[in-house]
Amino acid sequence: IYNRYGTRLPFVAAISVGTVVTLSYGLIHGFLLFLLFRIIWGIAWSFLRLPGYLFVATASDKQRGKMMGLYQSIAVMGSLGGTLIGGSMLDICGFRSAVLLLACGSAIGIPLALLVRDDQRRTLRKPKITTPINLKLVFGDFKMLGIGLNAMANNLLIGSVLNSTLALYLLEFVGEGGISIFGVTVGIATLSSLLLAMRRVN
C-alpha cells in the first residue's frame, strides 16, 4: 500500500482512524463494540509503524543503525509518556473525559502528518535469500526454536497477562482509594500506569 500510494496518504488515514477509534472509546457501550474498535485500532497501528521502518530501510548503510536507534527511542518515549499521562488523566478526569482529551491530542497529529514528504513511492530492494525459510528450518534448529519460545513466553506473560491484570490486582491489593505517597493520594490507574511504564525504561 505504501509503495502504491506513497507515505502521506496511508499515514494520515491511519492517524485519522486512530483518532476516531480513541474518541469512540468514550462513546460506545458493550464489550463486542469495544473489541471491534480495538481490532480496528490494531490495523491502524500497523500502518502507523511502517513509515519509520521504511525511512530506516532507505537510509545508507552507515546511517541505518543510528536511524533505527533514534526511531525506537522516540517510539518508546511516546509509549512511556502515553502510559503515564493516560493513567493520570483517568484518575483525575474519569474514563470518558480522559479518552476524549487523548483523542484531541491524537487529532493534532493529523496536520503534522500532512507535512510528511511523499517521496517513498518506490519499491524497496529485496534481500537475496540463499536459504528458503520454512517451518522445518525453524523447528529443526533448537537454538532458533529456543529463542522463539523464550520471546513468545516473555510477550505472553509480561506483555499480555501482566498488562491486562495489573490494574485489577492493584485494585484488590490496595483498594479503590489508592495509596498515599508523601501525603499525595495516587489512584489505581496512575499507579498501574507508573509500574507498566517502568518496564519500558531500559
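In helix 4, the residues Met67, Gly86, Gly87 and Met89 are buried, where buried denotes under 20% relative accessible area, exposed over 50%, and partly exposed the range in between (1.4 Å probe, protein chains only). The structure is a predicted model, in which local features need pLDDT of at least 70 and side-chain atom pairs count only at pLDDT 80 or more, while totals for chains, interfaces and linings use all residues. Residues are numbered from 1 along each chain as its sequence is written, and side-chain values use heavy atoms, with hydrogens and water left out.

The cover over the buried residues of helix 4 includes helix 3, helix 5 (95–107) and helix 9 (188–198), contact being defined as heavy atoms within 4.5 Å. Helices are DSSP runs (H or I, at least four residues), numbered from the N terminus. Helix 4 itself comprises 33 residues (61–93) and reaches 47 Å from its first C-alpha to its last, close to the 48 Å expected at 1.5 Å a residue; the expected span is 1.5 Å times one less than the number of residues. Just after helix 4, glycine 94 takes a positive phi of about 95°.

A search of the whole structure finds two aromatic pairs, a pair being rings of Phe, Tyr and Trp (its six-membered ring) with centres within 6.5 Å, called stacked if the planes are under 30 degrees apart, edge-to-face if over 60, and tilted for the rest. Tyrosine 25 and phenylalanine 34 form a tilted pair, at 5.2 Å centre to centre and 45° between the planes. Tyrosine 25 is buried, at 12% relative accessible area, whereas phenylalanine 34 is partly exposed, at 34%. Tryptophan 41 and tryptophan 45 form a stacked pair, with 6.5 Å between the centres and 25° between the planes. Both tryptophan 41 and tryptophan 45 lie in helix 3 (residues 31–57), four residues apart, about one turn of the helix. An α-helix has 3.6 residues a turn, so residues three or four places apart point the same way. Tryptophan 41 is partly exposed, with a relative accessible area of 25%, and tryptophan 45 is likewise partly exposed, at 43%.

Leucine 32 also has its place in helix 3 and counts as exposed, at 66% relative accessibility.

Asparagine 163 lies in helix 8 (residues 142–174) and is partly exposed, with a relative accessible area of 31%. Although asparagine 163 and leucine 196 are 33 residues apart in sequence, they are 7.1 Å apart in space, C-alpha to C-alpha.

How values were computed:
Helices (H or I, at least four residues) and strands (E, at least two) are DSSP runs, numbered from the N terminus.
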